Structures are given as structure tokens and as C-alpha cells.
Amino acid sequence: MKRAKGQRNRRGFTMAEVLTVIAIFAVLAAVAFPAVAQIQKRLDMAQLDEYARQIFLAAQNEVTAMKASGRLEGFAQALKEKKVDTEPADYPEKAAPWENLRIVSDGDAAATNYLLRSGSALTDATQGGHFLLELNPATGDVYSAFYAQNPIDYTSVQATCLKDRNRDTRQPSQLGYYGGSIGTSGSVGVPQTFRPKLNIVNGEELYLTVTCDGLIDLRPTQEKLSLTVTVTDEHKKTWSKTWQGGDPGMFLSDGNLRVQLVLDSLDSEQAFAAVTAGSLTPGDNLTITAAMAYANAGVNITGAATPVTVNSLFGDGTSADKINVSHLRHLNNLRDSIYSAHPGKTITQTAPIDFDLSKWEKWEKADYCSPWEKNPLPVFAPIENESLLTGVTYDGKNNPITGLPIVGTYYAGLFAEVNGRSTLKNIRLADCSVKAIPTDTTTASCAGALAGIVTDTTVENCGVYLN
């Protein structure tokens, strides 16, 4: 009996026992597998959220670099129409208006041209997937980043994932997310009044620079900020130009305002008459003012600059009977296509004048603000102005005029024709060339260094030479 019992013990589990164990495992698997799958999905979402965090940080670094290099304004213009049309569910109450947010995805031209530079951290952070950013390009703050393995269509997911940023809501779409905060970049408080400053340069270009500091808290709502420059001539005629914050030329990338306005230039497209649309009198002395205004949510701020004065075409000290010239632009403005004058004026050259922009030691960069690499004038046409050059006195004060490539038709020289008891004195022309190329070969032409033709004119102490 004992041996029979030992043999039975070595036979193992009965069929009923095995079936019971299998049933238990089946019940456990039915309970555990969904939980394991859910845990795996959560791990996947955690990884997607981590990728989104890396995208966020890399994008913020790229936008900050744009701000430092001056490229942020171009990026903002590229995103001008890419507006967020619904307030994000997690948007902070005291942050800048959410309407300032713009969206950009990795497939947009703006991302390709500004964010995804070769070798950039953002390019590496994409991990072969796709991203969508919400950001405020006016301030350079990234608000949020979404990440997915498939391209992200803002419109198609807006009704679900983008309104509710919770992970459970995003999980069916496998959409990673990081964000929900936006910086103020070192707020210093809203100013009580604006104190803009004006600086006028009367050189190879006549241009105005308007500056105003301490506007960092207005960056998020800079579209509510306006600047108006008003120019008044001696005849009480006025012309004005207004900018809005965020417009080209008026972008608060660092909380400081800096706007430049060219009023006259050697470039004909920016000449005085073209800029002011003929509304002001060329040659008049000008009074220039600037006023700033901000209105938003019951906050109203204003301020004006101290006016500055300058002549529209010529050098400082120009008056009704006296013209001062110290730059090539002033000399070029003597022609009748630009300036109408009465006879008998005195023209005084107060400084050396050089045609060649490449001679940087003579052309000060502060004399102009346009990105010139060479003189906008291909040649120098003889100055024609019958009214001005009748009874005129031109005193060069022994200041040289260097490198003029003078090309005329019938009368070629620094001046085309001078007459009527005029005086040319103390003029120095250095390294100048003079050509008369008549359009009608049957008509005689005249060429000279000082003038193509002179009548009843006194020439005193003038010289023409090669260096």
C-alpha cells in the first residue's frame, strides 16, 4: 500500500488541476495585458512629450538667436498670416494677448528659411518626426511645441488635441506636447510717458533716426503702438508718415524703438520730391517732429520728441540767399530738375567732395544709411540750372571736388552753362574726366572742366589737376 501511494505521488498534476491553472493564467492575462498595453502607450506618450520638450528648447534657442542677429523681424513677417484662431486651454491669464501667437510647422517655408538651418539643434531634435510650434514672433517667445511621427495638421487636430492639452486627450493621436508658458523677458514696467529722441544726418543721404528706450513690456502688444513723424517746410506745408508696431521698419525686437526715415538721397527713388510725394518745397529748411501713442485695454500712453531742423537739399546754414554744400548730394541737388531758385545766390563749398564711395576714409558710413556698395550715380551730369547759375557766386574755399566722371550732351563740365555776371572762385577739380556726347552730331558741343560755356563770368583762383 505504501509503494502504491508513492507511485501515485510521482504521476504529477491531474487534468483538472492543469485546466484550473490554465484558467487562472487566462484570467490574469485578460486583466494584465490591457494594463501592460496602456503602460506601454503611456511610456510612448512620455517619450513623445520629451521629444516635444527638446523641440521647444531648440526652437526657443533659434528664435533667440534670430533676435540677436536682427532676423526676427523677417521671421515675424513670414508668419504674419499664420494666426492662432482659438485661445489655448492652458494660456496664462496675465500673459500677452493670445491673438499675438502664430503657428509654424516643420513643413512651412518659414521653418525652412529661419528655423531649420543646417546643423541647428532644432534639426537634430526632430528625431525624424514632425513638429508644430505656437509662438509670439513679436517678442521672440515660444509658447508650445507639438511632436508626432506623422505630419501635424493644425486644422484637423484643433477641435480635440490643441484645445485640451491633456495627455489622455492627445494619446489617441500620439501627439507629444510641451509648453503652456510664455516669458516676459525681463519686464521693467510700462512707461508713464514716451520720450522719443531724434537724430538727423545731413550727408550723402538726409535721414532721420527716432529712438525710444524702455518699451520691453509693450513688445507683446506692439501693434497698439504708433509713431508719426511730421515734416513742415518754410511755407507751412506738412508731410507725415506713420508706423505701427510690428510693421517693417518698426519692430520692437529688444524692447527699444529705432526707426529710420530717409528724406533725401543720391538714389532717385529716395530723393526728397519722391519721398514726400511733392508735398513739400525742395530747398526749404524743415522742422521735424515725432509723436508716439499707445492705446490698449484702457492704458493710454503718449509722448513727443524735441523738434529738429535741417535743410531739405543742402548743407547746414543754408538760407534764402545762401546755399552751403559739403557733400556730393548737396552738389547734385543744384540742378534745376531738383531745385528751383532765383538768380543772385551765393553757393559756398564747405568741405571736400568725393565721387568714389570705395574711398571709405572720405565717405563716412554715418553719412548714409542705405546698404550701398557703390555710388548710386553711375556718372555725374553737368549741373544745369539757368535761374540759379545767373549772377551766381560759387566759392569752393579751396576744397577739392575729386573723381567726378562728368558726362554731358552739348555743354559738359561741372556746370553746363554759367552767365549773367557770375563768379567762380577757389574751385579745385581733382582727377575728374569730362565728356560731351551730343545726341545730334550736327550740333556743336562744348566741354570744359568748370563749365561747358561761360558768359560774362569771372573765374578766380580755380584749378584743375590730376593727383
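The model is predicted, so I took local features only at pLDDT of at least 70 and side-chain atom pairs only at pLDDT 80 or more, while totals for chains, interfaces and linings use all residues. Residues are numbered from 1 along each chain as its sequence is written, and side-chain values use heavy atoms, with hydrogens and water left out.

**Entry 1: backbone angles**

I started with phi, since most residues other than glycine have a negative value. Gln 174 is not a glycine, yet its phi is positive, at about 50 degrees. I found Gln 174 in the loop between helix H7 (167–170) and strand E4 (176–179); helices (H or I, at least four residues) and strands (E, at least two) are DSSP runs, numbered from the N terminus. With a relative accessible area of 29%, Gln 174 is partly exposed.

Lys 397 sits in the loop between E16 and E17, and it counts as partly exposed because its relative accessibility is 47%.

**Entry 2: salt bridges**

I stayed with Lys 397 and looked up its partner. Lys 397 makes a salt bridge with Asp 395, with the closest N and O atoms 3.5 Å apart; the term means a side-chain nitrogen of Lys or Arg within 4 Å of a carboxyl oxygen of Asp or Glu. Asp 395 is buried, at 8% relative accessibility.

How many salt bridges does the structure hold? I noted six. In one of them, Arg 170 meets Asp 49 at 2.9 Å between the closest N and O atoms. Arg 170 belongs to helix H7 and Asp 49 to helix H2, so this pair ties together parts 121 residues apart in sequence. Both Arg 170 and Asp 49 are buried. I also saw that Asp 49, Arg 167 and Arg 170 are linked in a salt-bridge network.

Next I checked Asp 108 and Lys 82, whose side chains meet in a salt bridge at 3.5 Å, N to O. Asp 108 is in the loop between strand E1 (102–105) and helix H4 (109–115), and Lys 82 is in the loop between helix H3 (72–78) and E1, 26 residues apart. Asp 108 is buried at 18%, whereas Lys 82 is partly exposed at 31%.

**Entry 3: an open sheet**

I traced four strands in an open sheet, ordered E15-E17-E22-E27 with parallel pairing. E15 and strand E27 (463–465) are at the edges with a single partner strand each, so one side of each has no neighbour in the sheet. Two strands pair if DSSP finds at least two bridges between them; E17 (residues 400–402) and E22 (residues 428–430) have three. Which residue of E22 is the bridge partner of Thr 402? I found Ala 430 there.

**Entry 4: a nonpolar patch**

Last, I looked at the surface. Phe 13, Met 15, Val 18, Leu 19 and Ile 22 form a nonpolar patch with about 560 Å² of accessible area together. Patch residues have over 30% relative accessible area and no salt bridge, with like charges joined within 9 Å and nonpolar side chains (Val, Leu, Ile, Met, Phe, Trp, Tyr) within 5 Å; areas come from the Shrake-Rupley method with a 1.4 Å probe, and for residues only the protein chains shown count as cover. Phe 13 lies in the loop between helix H1 (2–9) and helix H2 (15–69), and is exposed at 70% relative accessibility.

Key: Buried < 20%, exposed > 50% of the residue type's maximum accessible area, 1.4 Å probe, protein only.
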